[in-house]
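Trainee: I would like to go through the terms used for this structure and see what each one rests on.
Mentor: Then ask about them one at a time.

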Amino acid sequence: MAAIETHDLAREFEGGIRAVDGVDLSVAEGEIYGFLGPNGAGKTTTVRMLTTLLQPTGGRAIVAGYDVAKDPGAVRRKIGVALQEAALDPLMTGRELLELQATLHGISKRDSHDKSRWLLDRVGLTLAADRRVGTYSGGMRRRLDLAAALVHTPEVLFLDEPTTGLDPVSRKAIWEEVGKLNQEGTTVFLTTQYLEEADQLADRVGIISGGRLVAEGTPQALKGEVGRPHLELSLVEQEGNESRAEAVLARFGRPLPARDGVLMVEVARGSSEIGPIIVALDQEGLEVESLDLVQPSLDDVFVQKTGQHLEGASEDTDETEAVVE
Amino acid sequence: MHTLAANARVVAALGKRSIMQTLRRPQLLAPLIVFPTALLAIQTAGAGRAVDLPGFPDVPNFLSFMLAGSIVQATMFTGNSGAIAFAIDMEMRFTDRLYAAPIARSSVVLGRLAATATLGAIIAIYFLALGLIFGAEIHEGVPAVIWIIALTAASALAFGTIGAAIALRSNNASVVQGIFPLVFVVLFLSDAFFPANLMLEPASWVAKYNPFSFVVNGIRDPIISGWSVTTELKAIAAVVGIGALGFALCAAAMRSRLRRGV
């Protein structure tokens, strides 16, 4: 059974604005589904409908086996929701918030104390448990928000841009926690504007644009759709040697137009072709100065499917490097 | 029954959280205590000789007369502060957290109103204690104290429904804050701080039929003169009427929010 299934899901707002326009998707139990889209594409509206915060005006959505429009109470018992803006009361302490959340889910007072303590420990907030949320950093707030979403051990977890605005270390901590949850069997529906996040975490990705799902598949399959890996290289003595180099490269794959003096060629078998290419160039007396194997990215997919780059894509790259460092 | 108990537990938890929110946010707490206390002190000190005016109710002192007005004023501020806090919750989308939980949506409003009623009761106790310390007399004694606390709590809840409806409709704390001056207009055009029979027309006519005058007199009579069934029934009717109107407006605002997808 699918954990989330929508058929022709739509939401029209006053004034005829159709924020979501017939979305069909299916998320399997135990899957991490990344939902990508630029601001205004309809991803938050979709999440709000799936979490019963907003009524659909068309179509149907089944979450954890229940219809979001016909049985919203049953859906709410099965889902955990961490919202985009980390809707936390700055005047409450972390512990108070978790205990309130437990009460909202019908957990007894005693169990709510125990569960809160366990969750605070799990997300590394034990020492800050009795501090007001207003004194928490962005990363601590997100971790608390995540803990609050887990208080009733949900079957399906909705994370709406859980790491937006976070520093790389905090972002990585959230990723690790989401990965652990998924290993424990929780289905995760993740909206994000960070391509690397979707690439790292998601089993499958859906791309929404203009309220419609324009692409869906595993990150690898989607990247495979937009092209093969390509090699970018420059020579020690480039001038006068370009045409000879291009002739050599053409033996290995389809040459791509050079950009800023960098020669490019598609390589169907990826890194295994680097060695033979260097040898062939060397035999022609061409010395390679630098070489990069470039894999198609989800941004390439995004550009092809929507005609625009995803917000945060450039920031994504920078921060990824920072994580690696 | 099980569902009722579960709902009651949720309303109590949300009410407790709302009270903490008020106590921890000085800008919400100050209007409930500081302003009405200051106005009571200023009025009592400055207009104390009003009791000598012909037609003024027979009272031991002006403070005894003023007490009911101050309680109702603080109660209205409580409703307003609660509504501001509710609108802040909506602005920061804390209410989304609540709506995404398996609870009745009405529990969110009821939790807020339970807090407002509790704060109303605390305010009644505070002003009655203040009055007794500074020389007011409560004609009907302990039963009157209990009645006044109960009526004040019910009034706070009723006033709170109007504020909650405005918060639900506007989704904006500044808009709710904007109704604050109206509290003074409503109160000065009632029996709260001056007897309606001594006002000039048309203020006197407005004050005579102002439902807030009924509430004020329902609190004032047991303090200054004694029980009057008619007065108390009018007070109850006013509270029920304001509350019913507020609940109807809240329900309409909730339906509108769902429709608009706010």
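**Terms and what they rest on**

Mentor: Chain A gives 23 residues to the contact between the chains and chain B gives 22. This is a predicted model. On the side of chain A that touches chain B, strand 1 (2-13), helix 2 (72-78) and helix 3 (94-104) give two or more residues each.

Trainee: How do the residues on that side of chain A divide by class?

Mentor: They comprise 10 nonpolar, seven polar and six charged residues.

Trainee: What makes strand 12 and strand 14 of chain A edge strands?

Mentor: The open sheet of four strands in chain A has the order 12-13-11-14, with antiparallel pairing. Strand 12 (255-259) and strand 14 (288-294) of chain A each have a single partner strand, so one side of each has no neighbour in the sheet. Neighbouring strands of this sheet are turned by 20° against each other on average, direction ignored.

Trainee: How do you know that strand 11 and strand 13 of chain A pair?

Mentor: Pairing needs at least two bridges. Four bridges join strand 11 (residues 230-235) of chain A to strand 13 (residues 262-266) of chain A, and the two run antiparallel. Opposite A:E232 stands A:M264 of strand 13.

Trainee: Which helices lie across strand 11 of chain A?

Mentor: Helix 9 (residues 242-250) of chain A lies across strands 11, 12 and 13, at about 15° to strand 13. Helix 10 (residues 274-283) of chain A lies across strands 11 and 14, at about 155° to strand 14.

Trainee: What joins strand 6 of chain A to strand 7 of chain A?

Mentor: Four bridges do, and these two strands run parallel. The bridge partner of A:I79 in strand 7 is A:V156.

Trainee: Which way do the residues of strand 6 of chain A point, and are they buried or exposed?

Mentor: A:I79 and A:V81 point one way, A:G80 and A:A82 the other, and all are buried. Buried requires 20 or more other C-beta atoms within 10 Å of a residue's own.

How values were computed: Residues numbered from 1 in each chain as written. Chains lettered and ligands numbered in written order. Predicted model: local features only at pLDDT ≥ 70, side-chain atom pairs only at ≥ 80, totals over all residues. Contact = placed C-beta atoms within 7 Å. Nonpolar A, V, L, I, M, F, W, Y, C, P; charged D, E, K, R; others polar. Axes fitted to C-alpha atoms, helices over the stretch in contact; angles between N-to-C directions. Buried ≥ 20, exposed ≤ 12 C-beta atoms within 10 Å, placed from the backbone.
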